[in-house]
Amino acid sequence: MGGSDTSLARQSAAFVWRDRALFIGDRSETATHAHHATELSVALDTEGIDIGVPGGPDFRGVPGAMVLAGAEHRLSIPGPKVAVLYIDAQSATASSLHQWLGDQRIRPLADDAVLQVRAQLLRVLRDRSIDLEGAEQICDQLLAQFAAPVAKPAMDHRVQRVMARIDVELDAPPTLHQLADELGLSSSRLRHMFVEQVGLPMTRYVLWMRLRAALVDALDGATMTASAQAAGFADAAHFTRTCRQMFGLPPSAFTPVDLVLVE
């Protein structure tokens, strides 16, 4: 890992929303991996990052990079701190980002795009008053360099009911068909409403809810087994496997984290 900065209020932080996650802190190197999220990595110093995909291209010392969901890649951080933003591949935001990537699996970020947000990302570690809203604004500032903001309609009360049911029954959530029957809707209608207003298919929403709940429990000190079972995973191995699929790293890679905030 990189060296610590004693001027920082915290050494690491994690923010988890319903379709994305932001991790800021120490990261040295990952093996070649792929995951189910579009990734934006930003070096928080001038040493940049080294990143590449099997068979090329390889980029060394670039200020940051975007990686297509599902693309195998490896990442090395020479400097002390990095920010990594994961966007669910099935979200409307990711679809917009993929247009910027074009036919490339990996694309380095320009200096000017990174410079605009690097100081704000570092502020997350320096400012003890940072909250989810502040972190989300910083993420939006970064994303705006590559994609137009995705507007969502006002949340329908029926979609709100579905989300509430899933949140409280996360270990065994009702099916789309069951929820549609309860609401007097067809399954196709509820599926369309949910994707339009939440930005994710319901199955992906459930996965994010489970993953973030288990991660928060684990980061708060619960055992992997207890964290996994409380969130609805079959066991700790299932939780770890899902975390690797989403983020390319096991849950243990994100510990210890000084600040964990969940939407």
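Predicted model: local features only at pLDDT ≥ 70, side-chain atom pairs only at ≥ 80, totals over all residues.
Strand β9 spans residues 82-88. Seven of its seven residues are buried, so the strand is largely enclosed by the rest of the structure. In a regular strand the side chains alternate between the two faces of the sheet. In β9, both faces are covered. Val82, Val84, Tyr86 and Asp88 lie on one side, and all are buried. Ala83, Leu85 and Ile87 lie on the other, and these are buried as well.

Two strands that pair with β9 were examined. Strand β2 covers residues 20-25 and pairs with β9 in the antiparallel sense. Within it, Gly25 stands opposite Val82 of β9. Strand β4 covers residues 37-43 and also runs antiparallel to β9. Seven bridges join β4 and β9. Here Leu40 stands opposite Leu85. Leu85 itself belongs to the buried set on β9.

Aromatic contacts were considered next. A pair of aromatic rings is described by the distance of the centres and the angle of the planes. The count comes to five aromatic pairs. One of them joins Phe15 and Trp17. Their ring centres are 6.1 Å apart and their planes meet at 15°. Planes under 30 degrees apart count as stacked, so this pair is stacked. Phe15 has 0% relative accessibility and therefore counts as buried. Trp17, at 2%, counts as buried too.

Trp100 and Phe146 form an edge-to-face pair, because their planes stand at 65° and the cut-off for that class is over 60. The ring centres of Trp100 and Phe146 are 4.7 Å apart. This pair links distant parts of the chain. Trp100 sits in helix α1 (residues 92-101). Phe146 sits in the loop between α3 (132-143) and α4 (157-168). The separation is 46 residues. Both Trp100 and Phe146 are buried.

Arg10 is buried yet has no salt bridge. The nearest side chain of opposite charge belongs to Asp258, 6.0 Å away. A salt bridge would require a nitrogen-oxygen distance within 4 Å. The side chain of Arg10 instead reaches a backbone oxygen, that of Asp127, at 3.1 Å.

Methods. Residues numbered from 1 in each chain as written. Heavy atoms only, no water. Buried < 20%, exposed > 50% of the residue type's maximum accessible area, 1.4 Å probe, protein only. Lys, Arg positive; Asp, Glu negative; His and termini not counted. Polar contact = N/O pair within 3.5 Å; in protein donor to acceptor, adjacent residues only side chain to side chain. Helix = DSSP H or I, 4+ residues; strand = E, 2+ residues; numbered from the N terminus. Pairing = 2+ DSSP bridges. Phe/Tyr/Trp six-rings, centres within 6.5 Å; stacked < 30°, edge-to-face > 60°.
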